[in-house]
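Here is a set of questions and answers for a first look at this structure. Take them in order.

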Amino acid sequence: MSKEALREDPSLARDDEEKYRGFSDLVRQAIEGNESATSALFSEVSTNLLKFFRRRLPQEADDLTQITLLKLVPILPSFKLGENDRHTAKSFWRLAYVIARANLADAYYTIRQSKTSVLDETRRV
């Protein structure tokens with residue numbers, strides 16, 4: 001968001017802060033064990049991860065999303081809250097996308113390896 005846009009409409013900054021606060025509250029409540037907050041948190045994360053994976057590896061998007069979520073679940077209780085809502089939200093998203101990118105790299109490697117092994121078998125015949 002540009003500084004000019006914020007000057008023209010200060011409510012944009014307020015909306016941005018409310019978005020961070022809402023997501024940060026979900027993270028905080030999920031860490032505390034609130035099941036409905038955990039469900040809402042992972043629903044939001046799942047939606048964004050699915051978009052991320054569909055743009056990169058559409059045929060594997062559902063599986064990669066699930067794998068990423070499964071790796072996030074055990075990390076959640078030990079996730080450190082940030083000094084403010086913005087920091088907490090950004091830190092959680094950063095963690096989710098670090099895991100997502102690692103899973104994507106693994107998937108690309110697996111696909112490349114399977115193509116290589118098919119080519120090797122073809123050459124032997």
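pLDDT is the predictor's confidence in each residue, from 0 to 100. Contact means heavy atoms within 4.5 Å. This is a predicted model: local features need pLDDT of at least 70, side-chain atom pairs count only at pLDDT 80 or more, and totals for chains, interfaces and linings use all residues. Residues are numbered from 1 along each chain as its sequence is written, and side-chain values use heavy atoms, with hydrogens and water left out.

Q: In which helix is confidence highest?
A: The protein chain averages a pLDDT of 87, and 82% of the residues score at least 70. Helix α1 (residues 3–8) has the lowest confidence, at a mean of 45. The highest, at 98, belongs to helix α4 (residues 61–72).

Q: How many helices and strands does the protein chain have?
A: Helices (H or I, at least four residues) and strands (E, at least two) are DSSP runs, numbered from the N terminus. From that end on, the elements run α-α-α-α-α. The count is five helices and zero strands.

Q: What percentage of the residues in the protein chain is buried?
A: Buried means under 20% relative accessible area, exposed over 50%, and partly exposed in between (1.4 Å probe, protein chains only). The protein chain has 125 residues. Buried residues make up 30%.

Q: How are the rings of Phe23 and Trp93 arranged?
A: Rings of Phe, Tyr and Trp (its six-membered ring) pair if their centres lie within 6.5 Å; planes under 30 degrees apart count as stacked, over 60 as edge-to-face and the rest as tilted. The structure holds six aromatic pairs. In this one, the centres are 4.9 Å apart and the planes are at 20 degrees, so the pair is stacked.

Q: How many residues apart in sequence are the parts that the pair of Phe23 and Trp93 ties together?
A: Both Phe23 and Trp93 are buried. Phe23 lies in helix α2 (residues 11–31) and Trp93 in helix α5 (residues 85–124), so the pair ties together parts whose separation in sequence is 70 residues.

Q: Are the planes of Phe52 and Phe53 stacked or edge-to-face?
A: Phe52 is buried at 6% relative accessibility, and Phe53 is buried at 0%. Their ring centres are 5.2 Å apart. Their planes stand at 70 degrees, so the pair is edge-to-face.

Q: Which residues does Ser24 touch, not counting residues up to four places away in sequence?
A: Ser24 has its place in helix α2. Its relative accessible area is 0%, so Ser24 is buried. The residues touched are Asp85 and Thr88.

Q: Is Arg28 buried or partly exposed?
A: Arg28 is in helix α2. Leaving aside neighbours within four places in sequence, Arg28 contacts Leu81 and Asp85. Its relative accessibility is 26%, so Arg28 counts as partly exposed.

Q: How far apart in space are Ala100 and Leu49, C-alpha to C-alpha?
A: Ala100 lies in helix α5 and is buried, with a relative accessible area of 0%. Beyond four places in sequence, Ala100 is in contact with Leu49, Phe52, Phe53 and Thr68. Ala100 and Leu49 are 51 residues apart in sequence, and their distance in space is 7.4 Å.

Q: Which residues does Ser46 contact, leaving aside neighbours within four places in sequence?
A: Ser46 sits in helix α3. Its relative accessible area is 18%, so Ser46 is buried. The contacts are Thr65 and Leu69.
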